[in-house]
Amino acid sequence: MLNSIKTLMEEHTVILKALEILNVIDINENNMQDIKIIIDFIKNFVDNCHHVKEEKVLFDFLEHKGMVGGPIYVMVYEHNKLRDIINRIEARYNEFEELREDLNSLIVLLASHIDKENNVLFPTAESLLSDDENKVIYEKFERIEEEFGKERHERYIELIDTLYGRYINKKSNER
């Protein structure tokens, strides 16, 4: 069966890989292109596709089911805070020390955010979803991906996997 929550959690896995890379990457001229690729991934894949699925579909559904305020407002607030951090990062690409601070803020915020969604919000959402509702939400997710570009969506995942191999698997092999 098509599972909308599982789709979001699979995307979270890719996002967490990107955060892991940002956590270990040295900030220098040689790595700036890779840092920019990851920030582009977060700005586009995460914010313009993943967050759209959450905000425009899942959160709307949960509000319709009676979950108002609290968790949903926190998630939207954190999405907005993430956007502010991304804007700050893009403005500081040449200021390496400040850039590391902003990347660390991004890592902490987004990792904590994903943890709350995976372990609190999503299990609640799953308990509220009937099979038919899940199917409708999944189909809306598919339309969002089509608007975003399915090939583009897959290309971002491949980019993160490639960078993950370069920065994380390489470090594991060096030990």
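Modeller: The part I'd pick is helix α2, residues 32-64 (helices are DSSP runs of H or I, at least four residues, numbered from the N terminus). Bear in mind that this is a predicted model, where local features need pLDDT of at least 70, side-chain atom pairs count only at pLDDT 80 or more, and totals for chains, interfaces and linings use all residues. Residues are numbered from 1 along each chain as its sequence is written, and side-chain values use heavy atoms, with hydrogens and water left out.

Take helix α4 (residues 96-128) as the opening partner: α2 packs on it at about 30°, with the axes 13 Å apart. That makes the pair roughly parallel (angles under 35 degrees; over 145 is roughly antiparallel). The crossing is left-handed, meaning the near helix is turned anticlockwise from the far one by less than a right angle (clockwise would be right-handed). On the α2 side, the contact (heavy atoms within 4.5 Å) includes M32, I35, H50 and F61, and on the α4 side F96, L99, H113 and L128 are among the residues involved. By class, this contact has 16 nonpolar, two polar and two charged residues (Ala, Val, Leu, Ile, Met, Phe, Trp, Tyr, Cys and Pro are nonpolar, Asp, Glu, Lys and Arg charged, the others, Gly among them, polar).

Next comes helix α3, residues 70-91, whose axis lies 11 Å from that of α2 at an angle of about 165°. These two are therefore roughly antiparallel, and they cross in a left-handed way. From α2, I39, K43, D47 and E55 are among the residues that meet α3, whose side includes Y73, H79, R83 and E90. The tally here is 12 nonpolar, two polar and seven charged.

That leaves α5. Its axis is 10 Å from that of α2, and the packing angle is about 150°, which makes α2 roughly antiparallel to α5. This crossing is right-handed. Among the α2 residues in the contact are N44, F45, C49 and K53, while α5 contributes E133, K140, F141 and F148, among others. The count comes to 10 nonpolar, two polar and four charged.

Key: Axes fitted to C-alpha atoms, helices over the stretch in contact; angles between N-to-C directions. Parallel < 35°, antiparallel > 145°, perpendicular 65-115°, else oblique.
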